[in-house]
Amino acid sequence: MTSQRPEPPAASRPPLRRGGEGSLLAGVSQGLGDHLGLHPFAIRALFVAMTAIGGAGALIYAFLWATIEPVDEQDAVPLERRTSPGALLVAGGAVVVMIGVLGFLQSQGLNLRLDITIPVLVLTVGAVFIWAQLDTSGRQRLLADQGGSPQKALGRLVIGAGLAVVGLVALTTQNADLGQLRSVAAAVVVALIGVGLLAAPYLTRLWRNLREEQAATARATERADIAAHLHDSVLQTLALIQRRADDPTQVARLARAQERELRSWLYAGPVGPAATLAGAVAAAGHDVEDLHGVPIEVIITGDRPLDADGQALVNALREAMLNAVRHGEPPVSAYVEVGGRSVEAFVRDHGEGFDLDAVPSDRLGVRESILGRMDRHGGTARLRRLEHGTEVSLELPLSHEPQGADS
Amino acid sequence: MTDSTSGPSAEPRRSAGPAGGAGSRGPIRLVLVDDHRMFRSGVRTELDEVSGNRLDIVGEAGTVDQAVAVIREQRPDVVLLDVHLPGGNGRGGSDVIAGCAGVNTEAGGPVRFLALSVSDAAEDVIAVIRAGARGYVTKTISGPELGGAIVRVADGDAVFSPRLAGFVLDAFGAAAGEIAEVDEELDRLSAREREVMRLIARGYQYKEVAKELFISVKTVETHVSSVLRKLQLSSRHELTAWAMGRRLL
C-alpha cells in the first residue's frame with residue numbers, strides 16, 4: 001500500500017485542531033496545547049509575551065488560525081483534516097507578503113522591531129512546516145483524504161511557492177537600490193532552495209499519490225465492469241434457473257448458455273461477431289446449443305478468413321449439428337480442421353444412426369442442406385454410420401488459396 | 001493467506017475392508033483436489049455411483065498446501081487435480097504436482113495426476129500437462145467417462161479429451177500438415193499420432209480409434225502416451241507461444 005516513510009511519532013497524539021473545548025479566542029492555543037500535550041495557558045502566555053515584542057505573537061496567532069483546521073463536531077477522525085502543504089505554502093507566502101508590507105510600513109517611520117519579529121516569524125513558519133511533515137495524521141490525510149485532488153494540491157503548492165518568492169523579493173528590495181539586487185537575487189535563490197528542500201517530500205508524495213490514485217481508479221473501474229457484467233449475465237441466469245428449477249432441460253440449457261457466455265467473456269475478451277471461419281463455426285455451434293439445449297463440444301484447429309465457400313461449409317455444418325442433436329444422442333461433438341489445402345469438418349453423435357436411403361426423399365435436411373450444399377461449393381459430404389452413432393464429414397478444398405501468389 | 005491448519009480434510013474414509021477389490025488388484029486409491037467443496041462432493045457421489053468399489057476416495061483437499069499434505073500422507077494411485085487452486089506459488093495444480101515430486105504409491109509406482117478443469121484456457125492446460133499430469137478432462141465429463149479416465153491414468157496411460165487433442169494438433173502444427181519424419185522427433189507428431197489425435201478430437205473413444213485405424217487399443221494408448229511425452233518435453237516454441245497467444249475456446 002503505502003511505501004515506507006519516516007518513523008511514525010506517537011500514534012495517540014491528537015490531531016492539530018483549533019477551537020476545541022475551553023477555547024478563549026479562536027481556539028488556537030487550546031488546539032496547540034492538546035496537540036503538543038501542554039497546558040493551553042502556557043501557550044497563551046507565550047503568545048501574549050511574543051505579541052509584546054513587535055506584535056510577532058499576534059502574527060503567528062493569525063497565521064496558525066488561518067492554517068489549522070477547526071474541530072469538526074461530527075468527526076474526530078484525523079483523516080478529515082483538510083489543510084494541505086499547498087494551503088500551508090499559500091499561508092506562508094501570505095505571511096511573507098505581510099512582512100514585506102510591515103517592512104514598508106516601518107520604512108515609513110513606524111517602529112515594529114522587525115529585527116526580532118521577522119526571525120521569530122520565519123522560525124515559526126519553518127517549525128510548522130517541519131512539524132506538519134512529521135505529523136502522522138498529516139501524512140494519513142495526505143494519502144487518504146487528499147486523494148481526491150492531488151492536482152489541486154499541486155496547484156496550491158505552486159501558488160504558495162510563487163507567493164513566497166514575491167514576498168521575499170518585496171521584503172528584500174523595499175529599501176534597496178539596484179546595486180543591491182545581486183545580493184537580493186542570491187538571497188532569493190537560497191530561499192528557493194530552502195523552500196524546494198522543504199517541499200521535495202511533498203512533491204514526491206503528491207506524485208506518488210497521483211499514481212496510486214490512477215491505479216486505484218483503474219482497478220475500481222475494472223471491478224465495476226466485472227460486477228456489472230456478472231450482474232447482467234450470471235445473476236440474471238441464476239435467478240432464471242431458480243425459477244425454472246422444475247424443468248431440467250431448461251435449466252441445463254440456461255446453465256450451458258451462461259457458461260459459454262461467461263467463458264468467452266473471461267478467456268476471449270470482448271470480441272464482436274468474428275469474420276473468420278473458426279468464429280463462424282463456434283457461433284453456429286452455440287446457436288444449435290441454444291435452440292435445443294444439447295451441449296455440443298466444438299473443437300477447431302487453425303483458422304482462415306470467412307469466404308462464401310466457408311460460409312456454405314458453416315451452414316452445412318450447422319445443419320449437421322442440428323440433425324445430431326435432434327435425431328442423435330449426446331454427447332455430440334464437432335471437429336473442424338482448417339488445413340493448408342482443405343477444410344475438414346466432422347460432426348458426430350452417439351445415437352442409433354440412420355440410413356440415408358431410409359430418409360424420405362421429401363426431407364430436404366440432409367440431402368439438400370448438407371450434401372447438396374457441399375456439392376455446389378466444390379466440396380464433399382459423407383455420412384457414416386458408426387457402431388455408436390453417426391458421423392457427418394464435410395470436406396471443402398481450398399483451391400483458390402493464395403498459395404501460388406506470394407511464395 | 002489461507003491457513004493450512006484449518007484441517008486438510010484428509011478423511012481417511014477407506015472402504016471397510018480390503019475385500020472390496022474387484023479384479024486382480026485392489027481398488028484405485030483416489031484423492032480429489034478442488035477448491036469447490038460442492039464440486040468435490042458432486043464428483044464423489046458420481047464416482048461412487050459409477051465405479052462400485054473399484055475406486056476408493058481416500059482424501060480431499062481444497063488448496064495447494066492441503067493437497068500436498070494429503071497426497072504425501074495418503075500416497076494415492078491417482079489424484080484428480082483442479083487446475084486453479086489457491087495457495088502455493090500461485091500456479092495451482094502445477095504447484096501440487098511439483099510439491100509431490102518423488103511421492104510413490106503404496107505399490108511403489110509414481111502418483112499419477114489427472115487434470116480436471118472448467119478452464120479451457122490453453123495456458124492452463126499446457127501448464128498442468130507440462131508439469132506432469134497424465135491427462136486432462138473438462139468438468140463437464142460424464143461420470144462413467146471420468147471413471148474410465150481414472151482407471152486409464154492409474155494404468156499409466158494418458159487421457160486426452162477431444163479438446164486437448166485439438167490443442168495438440170494445433171500447437172504442433174499437425175493441422176497445417178507438419179508431420180514428423182521420425183517418430184522420436186519431439187517437435188512434431190508422427191503421421192499415426194496425428195491420425196489418433198484427429199480421431200480423438202472428433203469424439204472417438206480409444207476403442208473406436210483402434211477399430212478405425214485397424215490397430216489395438218494398446219497401440220492407441222501407446223500413441224497417446226507418446227504424444228503426451230512430446231507435449232511435456234517438446235521445446236517447440238509455438239507450443240508456449242500458442243498457449244499464451246491463443247485461448248482454447
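Me: How much area is buried between chain B and chain A?
Reply: About 2100 Å², with carbon and sulfur atoms giving 44% of that; buried area here is the accessible area (1.4 Å probe) lost by two parts on being put together, summed over both. This is a predicted model, where local features need pLDDT of at least 70, side-chain atom pairs count only at pLDDT 80 or more, and totals for chains, interfaces and linings use all residues. Residues are numbered from 1 along each chain as its sequence is written, chains are lettered from A in the order written, and side-chain values use heavy atoms, leaving out hydrogens and water.

Me: OK, and how many residues of chain B are in contact with chain A?
Reply: 24 of chain B, against 24 of chain A, with contact meaning heavy atoms within 4.5 Å.

Me: How many salt bridges between them?
Reply: 7, taking a side-chain nitrogen of Lys or Arg within 4 Å of a carboxyl oxygen of Asp or Glu. One pairs B:R198 with A:E337, at 3.0 Å, N to O.

Me: Which helices of chain B supply at least two residues to that side?
Reply: α6 (162-171), α7 (191-201) and α8 (206-213); helices are DSSP runs (H or I, at least four residues) numbered from the N terminus. The largest share, 5 residues, is from α6(B).

Me: Switching topic, what does B:M197 touch?
Reply: B:F160, B:A165, B:V168, B:L169, B:L189, B:V224 and B:V227, not counting residues up to four places away in sequence.
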